[in-house]
Amino acid sequence: MSAPPSSADPTGRNRWRPLAWLIPAAVLAAAVIVLLAIGFRSTAAGGDFIRTYPGASELPAGAPVGIPAWLGWQHYLNALFLVLIVRTGLQVRADARGSHAWTGRARRGGKPPHRMTLELWTHLAVDTLWIANGVIYVVVLFATGQWVRVVPTSWDVVPNAVSAALQYASLDWPTENGWVNYNALQLLSYFAVVFLAAPLAIVTGIRLSSYWPAKWRRARWYPMGLARALHYPTMLFFVAFVIVHVTLVLTTGAVRNLNHIYASQDTQSWVGFGIFAASSVLLVLAWFAARPVITRPVAQLFGEVVKTPPRRQRPPRS
């Protein structure tokens, strides 16, 4: 006889049930925040605060105007690599054993070659492309003077960011003019993504990879547990940022904003929207293309890839 069914759902369908309360709780919290923001703005103090700090800090004299084409390309490549990083990261997290094993070529000095799952190799390969793209972005950002648009240059960015947050929360959103100057909340968000979250993702990812020097594996100054505890939440931060970022782009003048980002022009034409639509299709295709049938031939250019033997099934209890 087979064993009686367990009281716990073996399929895991009920594991999300405790999280069902998050949806109404989030809606209630959002409603409270909106009411509080509207209430504060209706007071004399609230009105004076927003008039004093309209939501955007003044840029230094000589700051560049507009979004150049190189920045649009960097923006899209960053989005593409982030999509693939999230996709492959979830694959690694879901199955640590992997569908295939990748082994690097023999190394000099008799050192054993690196060995990892194909999914992990793909994740690290995309990470490398993302880092290279980021380095190019930062170098060109400072070389062209565009850095003043994403790096705070005065302390009034803080109250202006609070003002912008209040305006968003009260559903009376701040005036958008991203072609000339981002509002302070955007500026701080972009600064956090580029100069805080991205480096954190890199240093924690390196610690978790097999490329971390063997002599440092047990280093107390940077334990693997700490890197693991920070790496996954950092990925969730990027996902949350992208969701909020895309939502605001599409709800604060989509046609003009998409022209800024994808067509490098401050117009109301549909060129930017068309490029955005086509590029979004490519992002979706990239998500589904991150599979062994596509990644295996690429990985074989840098090492040997073999299929992982299937796991042995345990016989059912009698």
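# Buried threonines, a core and a pocket

Biologist: Is Thr88 buried or exposed in this model?

Modeller: This is a predicted model, in which local features need pLDDT of at least 70 and side-chain atom pairs count only at pLDDT 80 or more, while totals for chains, interfaces and linings use all residues. Residues are numbered from 1 along each chain as its sequence is written, and side-chain values use heavy atoms, with hydrogens and water left out. Buried means under 20% relative accessible area, exposed over 50% and partly exposed in between, with a 1.4 Å probe and protein chains only. Because its relative accessibility is 0%, Thr88 counts as buried.

Biologist: Which residues does Thr88 touch, not counting those up to four places away in sequence?

Modeller: Thr88 has its place in helix 3, where helices (H or I, at least four residues) and strands (E, at least two) are DSSP runs numbered from the N terminus. With contact taken as heavy atoms within 4.5 Å, and residues up to four places away in sequence not counted, Thr88 touches Glu119, Thr122 and His123.

Biologist: Which residues are closest to the centre of the second largest pocket?

Modeller: A pocket is, on a 1 Å grid over the protein atoms alone, an open set of points where a 1.4 Å probe fits, with protein on both sides within 12 Å along at least five of seven lines, and its lining residues have an atom within 4 Å of a point. The second largest pocket has a volume of about 860 Å³, a volume being the space filled by probe spheres set on the points. Of its 30 lining residues, the closest to the centre are Leu120, His123, Gly205, Leu208 and His231.

Biologist: Which side chain does a polar contact of 3.0 Å join to that of Thr103?

Modeller: Thr103 is found in strand 1, residues 100-104, and at 18% relative accessibility this residue counts as buried. A polar contact is a pair of N or O atoms within 3.5 Å; within protein, one must be able to donate a hydrogen and the other to accept it, and residues adjacent in sequence count only if both atoms are side-chain atoms. At 3.0 Å, the side chain joined to that of Thr103 belongs to Arg115.
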